[in-house]
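Here is a short report for a reader meeting this structure for the first time. Please look over the sequence and the fold before reading on.

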Amino acid sequence: MQNRIVLHYCDHRIVKGSTGDFFPDKQWFHFTDKDTVETSRVDITKLKGIFFVKDYGGSPEYQEQYDGERKGLGKKVKVTFKDGEAIIGYTTGFGPHKPGFFLFSSDPNSNTEKIFVIIAATEEIIFV
C-alpha cells in the first residue's frame with residue numbers, strides 16, 4: 001500500500017510523493033516524487049518530519065485547531081523543531097533511543113493524518 005506523504009527536510013525543502021516501505025525503525029525508505037514519478041532512497045537523518053496526508057493539496061487557508069481533545073491517541077505534546085516551527089498533537093510515546101515517533105494531529109479535520117517526527121530535528125518536546 002502506498003502512503004501519501006510530504007517530506008519536510010531540515011534544509012527547509014518540502015517534497016510531495018508516496019512510499020510503500022517506510023518503517024519507524026529503519027534509517028531509510030523509498031520515495032516516489034509526485035511530480036517527476038522518480039523513485040529515490042531517503043535517509044531520515046536529513047528530515048525533520050514525514051507528514052502522512054489525506055491529499056497533496058490540502059487547504060492552505062485552513063487554520064489548525066490545537067485546543068480540542070482526541071481520545072485514544074496518547075498524550076498531548078508540543079514539539080518545537082530546531083527551525084522554530086511548533087506543532088501540537090498526540091503521541092503514544094517517544095524515547096531518545098529511537099529515531100522518531102508518530103504525532104497525531106490534535107485537529108480531526110486536519111489534512112495531516114500523522115507525522116513521523118525525527119527526534120534529532122527537534123529542539124524541545126513537552127507535555128501540554
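The sections below cover the basis of the model, its aromatic rings, core, pocket and selected loop residues.

## Basis of the model

This is a predicted model, in which local features need pLDDT of at least 70, side-chain atom pairs count only at pLDDT 80 or more, and totals for chains, interfaces and linings use all residues. Residues are numbered from 1 along each chain as its sequence is written, and side-chain values use heavy atoms, with hydrogens and water left out.

## Aromatic rings

A pair of aromatic rings is described by the distance of the centres and the angle of the planes. Here, rings of Phe, Tyr and Trp (its six-membered ring) pair if their centres lie within 6.5 Å; planes under 30 degrees apart count as stacked, over 60 as edge-to-face and the rest as tilted. The structure holds eight aromatic pairs. One of them joins phenylalanine 22 and phenylalanine 102. Strands (E, at least two residues) and helices (H or I, at least four) are DSSP runs, numbered from the N terminus.

How exposed are the two rings' residues? Buried means under 20% relative accessible area, exposed over 50%, and partly exposed in between (1.4 Å probe, protein chains only). Phenylalanine 22 has 12% relative accessibility, so it counts as buried. Phenylalanine 102 is partly exposed, at 23%. Both residues belong to one aromatic cluster, formed by Phe22, Phe29, Phe52, Phe102 and Phe116.

## Charges over rings

A charge sits over a ring if NZ of Lys or CZ of Arg is within 6 Å of the ring centre and within 35 degrees of the ring normal. Arginine 41 places its charged end over the ring of tryptophan 28, 3.7 Å from the centre.

## The nonpolar core

In soluble globular proteins, nonpolar side chains tend to be buried together. A nonpolar core is a set of buried Ala, Val, Leu, Ile, Met, Phe, Trp, Tyr and Cys residues joined through side-chain atoms within 4.5 Å. The largest one has 27 residues. Leu7, Phe29, Ile44, Leu47, Ile50 and Leu103 touch the most other members. At least two core residues come from each of β1 (3-9), β3, β5 (47-53), β6 (75-81), β8 and β9 (112-118). Strand β5 gives the most, with five residues.

Isoleucine 44 sits in the loop between β4 and β5. Its relative accessible area is 3%, so it is buried. Contact means heavy atoms within 4.5 Å. Leaving aside neighbours within four places in sequence, isoleucine 44 is in contact with Phe22, Lys26, Gln27, Phe29, Ile50, Pro99, Phe116 and Ile118. Its C-alpha atom is separated by 5.6 Å from that of glutamine 27, 17 residues apart along the chain.

## The largest pocket

Rolling a probe the size of a water molecule over the atoms shows where empty space is left. On a 1 Å grid over the protein atoms alone, a pocket is an open set of points where a 1.4 Å probe fits, with protein on both sides within 12 Å along at least five of seven lines; lining residues have an atom within 4 Å of a point. Grid points are joined across faces, edges and corners, and a volume is the space filled by probe spheres set on the points.

About 620 Å³ of space lies in the largest pocket. Its lining has 28 residues, of which Phe51, Glu64, Ser110, Asn111 and Thr112 lie nearest the centre. β1, β2, β5, β7 (86-91), β8 and β9 each supply at least two lining residues.

## Loop residues

Lysine 46 is in the loop between β4 (39-43) and β5. At 51% relative accessibility, lysine 46 counts as exposed. Leaving aside neighbours within four places in sequence, lysine 46 is in contact with Tyr9 and Cys10.

Most residues other than glycine have a negative phi. Histidine 12 has a positive phi of about 80°. Histidine 12 is found in the loop between β1 and β2, and is exposed at 57% relative accessibility. Valine 37 also has a positive phi, near 65°. Valine 37 lies in the loop between β3 and β4 and is exposed at 58%.
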